[in-house]
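Reader: I have the sequence and the model open. Can you take me through a few local features?

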Amino acid sequence: MMMEKRRLLSILFWAVCLASTAEPIDRKALLQRNNPVVTRIDALESLSVGNGDFAFTVDATGLQTFPQSYAQGVPLGTMSNWGWHYAPNVQGYNFREVLEEHDFGHGHKELYAGQKSKAADYFRSNPHRLHLGTVGFYGIEVSQLSDIRQELRLEQGEIVSQYKIDGNEVKVQTECHPTESRVAVRIQADRPLPLLVQMPFPTGGHSDDACDWTKGAAAHHTTVTTSKQAVQMTHVFPKVVFPTEFDTNEEYDASYHFGIASSVPVTLRRLDANRIVVIPKKAHAEYILDWNADVQTETLFESYQKVFNEAAAAWHRYWYDGAMVDFSRCKDGRAKELERRVVLSQYLLAVNSGGEIPPQETGLTYNSWFGKFHLEMLWWHQAQFALWGHPEKLQRTLEWFNQPQVKRTARWIAQRQGFKGLRWMKMTDRSGLEAPSKVGSFLIWQQPHLIHLAELLRRAGQPLVVNRFGDLVEQTAQFMADFTSYDEQNRRYVLKGYIPAQETLRAKEVQNSPYELSQWHLTLQIAQEWRLLQGKERDKKWDDIVQHLAPLAHKDNLYLAAETAPQTYSDSRFTQDHMAVLGALGIFPAWRGIDDSIMENTLRWIQDNWHWDHTWGWDHPMTAMCAARLGKPHLALKALLAPHRTNTYLLSGHNYQDNRLRIYLPGNGALLQAVALMCAGWDGCKTNNPGFPKDGNWDVQWEGLLPLP
C-alpha cells in the first residue's frame, strides 16, 4: 500500500512538472538561434550527421576532403556500431593469461583481468572500431577555399556548406538517413567536382582517427565494380580467428561493402588498391553513399530529397515530441551560452548515442580506448534520454545487456571472483568481451547503472519494461548484495576491495567510498520494488543491507573520499580526478547516511580548492546536481559554467577535455542530466526550477522533463 501511494504521488508530481511552462516554447526559434555556423577551416570545428548507430563527420566542404588536416582535432569519422576489426592473434594468446589472483577480504580469492602482459595488451586493443572510409573532393587544397559559411540546421539534421573554390561558388548539402548507414549529398557548383573515396586500414590505436593510410594491398584491398551511375566497392580484410574468454575460437570477417550512386553519369579512375576517384559528367549532382555490413546489394539511387524528407521527419519527432528548455527570457548573461550547450548536446547525443550498443566516450566520431565503450559511463551518456522524453533510445541500448554472450561473460566474471549473479564489465565491445585493465577491472560503480537506468525507463512509461529487464535487474542486484560484506564488530554492511569512481584510490586500501554507498542504497531499493512488481517476495538480505549500510565517513566536517582515506584533504592524490563524493547527494537522493550540512561544507571546499585541471567533463554537472539538491542554486550555476578546460564546449557543442580527448560525450550527457534536475527537480522537491536562483535573472522555461528519484 505504501509503495502504491509513493507511486501515485510520483505520478502526480510528474504531471505538475510536465505542465510547468505557462506558454509553449517556440521550438523552431530556439533551434534556429543555436545552429552552429562554421566560417573557416579549423580542425576543432567539424560537424556531424548521424542516427545513433552511424555517423558521418565533415569538414567545411560538407564532405571529408581534408581528413589529415583534421586528424588531430575532431576527426572526419565515418563510424558505425557494426564495424569492428580484429588483429590476427599471431602469438596465440589465451585470455586466461591475463587473469590475476587477488584477496580483498571477501573470504575467497578473486580473479581479475589485469594489464601486466602482452596478452593483456592484445585483448585490450582487440577488437577495435573501424573507420569505414572517407568521401571528399579530389584535387582540392585548403588554400583554394574562401568565403566559407557552413551551417548545421538542427531542426532538420542537415549540414549546408557554402564557399568558393578559386572564386567559383559551391553549395553542398549533407544529410544522414534516420536508420541506415547511408548519407545523401547534393552538390551545386560551376563545374563538375570529382569525389575521392579512400578506404583506410585501422590503426588499432588507443585514441586516434583509426586511419592508417600507409598500408597497401598486402594488408587490405578494395574490389570495385561500376555501372553508368553507380560504383560498388567491397573493402576486404583477411579473416581472423579470434580467441574468447571461454577457451573457444571464433572466426571474424571485418570486410564490408560500400556503394555510391549518382543522379548523373559518372566515370571511374582508380588510384591504387584502396582509393578511387568518381568523376561526374555534370556540375550539379546528387549522391547516395551507402555502407553495408552484411550483404552486397545493388545500390539503388534515391534522391537527396527523399533521404532529407525522411531524416527531417525523424528530427522533427525528436525535437517536438521530446523535452526542451528555453533560456531566452533569462537576464543573466550566461544563459545564452548555457542554452547553446544544452541544445547542441541534445543533437550530439542523438547522433552518437541511443544506438544498439552503448556509445564510446567519443561516440561515432573518432576512437578512444580503441573504440570500445565503458559501462561506468553509460549513466552519463544515456540517463538523459529517459529524462528528456526519448526513453525508447535508452531502451534500445539497454537491450545489449540481454544478449546471451554479454550475460554469459558477466556471469563468468562473477563466478570466477566467487560471487553470485552478474558482474558487469567496465570496458567492452559489441561482443561483450572484458577488456583487461589495471583500473577498469576493479571498478564497481558500473554495476548498479542497469538498475538505475531501467527504473528511469519504468518511470518514463516504457511498456513492459519490468518484464523485459526484470531478470537482469535481479541478477545485477544479486551480485551487489553478495559483494557487500558484513562488519560484525560494528554491525553494519561495508563495501571493500574495489577501485571507486574516484580512480586515484587503490583497491586494496578502499572501504566505503561515498558515491558507491549512495548508489548501493538507492538501487537495491529499486531492485526490491521490481521484485514486488513481478509478484515476488522481498529479499530479506537486500532490506538488511539497505537498513544497515555504513554511512558516509567524515573528518573535520568534510566527507572523505573513502572511510579509509582520512588524508583526503591533505594529500593531493585525493583532490584530483572525480570529486565523486558530491555524486553521493546529487545523482542520488538524500538518505540517513548523509548529513546536509557536512555535504554543503564539502561542496564549498571542493569548489574552492579542488585540482580542477585534473577533472573530467561530467564532474562539473555532478557538482551542480549536488548543489541543487542542497538548495544552493548559485553554486549549481557556478559549477555548470565554471571556466575550466574540461568544461569547454566547442562550436559544435562537443565537450572538449584535452589534446587526447577533443570531444567527450559523458560531459554532454551529464550537462543534460544536471539541467533536468535543476528544472524538474526530484521526488519530493517542493519548488519549481530548484537549481536556478529565484532572483529574477533565471526565468527558465521547460517542457517535458522528468524528475530524478
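Reader: In the hairpin of β11 and β12, which residue takes a positive phi?
Author: D166, with phi near 55°; the hairpin has two residues between its strands. Strands here are DSSP runs of E with at least two residues, helices are runs of H or I with at least four, and both are numbered from the N terminus. This is a predicted model, where local features need pLDDT of at least 70 and side-chain atom pairs count only at pLDDT 80 or more, while totals for chains, interfaces and linings use all residues. Residues are numbered from 1 along each chain as its sequence is written, and side-chain values use heavy atoms, with hydrogens and water left out.

Reader: How many bridges join β11 to β12?
Author: Seven, between residues 158-165 and residues 168-176, and the strands run antiparallel. Two strands pair if DSSP finds at least two bridges between them. I165 has N168 in β12 as its bridge partner.

Reader: And what does β12 pair with on the β13 side, in which sense?
Author: β12 and β13 (residues 182-189) are antiparallel, over seven bridges. Q173 is bridged to R186 in β13, and the hairpin from β12 to β13 goes through five residues.

Reader: Is A210 buried or exposed?
Author: Buried, at a relative accessible area of 2%. Buried means under 20%, exposed over 50%, partly exposed in between, with a 1.4 Å probe and protein chains only. W369 is buried as well, at 11%.

Reader: Which peptide bond is cis?
Author: One joins N126 and P127, with omega about -5°. P127 is in the loop between α4 (118-125) and β8 (128-129).

Reader: Switching to cysteines. How many disulfides does a search find?
Author: Zero in the whole structure, where a disulfide is a pair of cysteine sulfur atoms within 2.5 Å. The closest cysteine sulfur to that of C176 is in C211, 18 Å away, so too far for a bond. For C330 the nearest is the sulfur of C679, at 9.1 Å.

Reader: Last one: how many residues of α17 are buried?
Author: 16 of the 16, so α17 is largely enclosed by the rest of the structure. G681, with a positive phi near 75°, follows α17.
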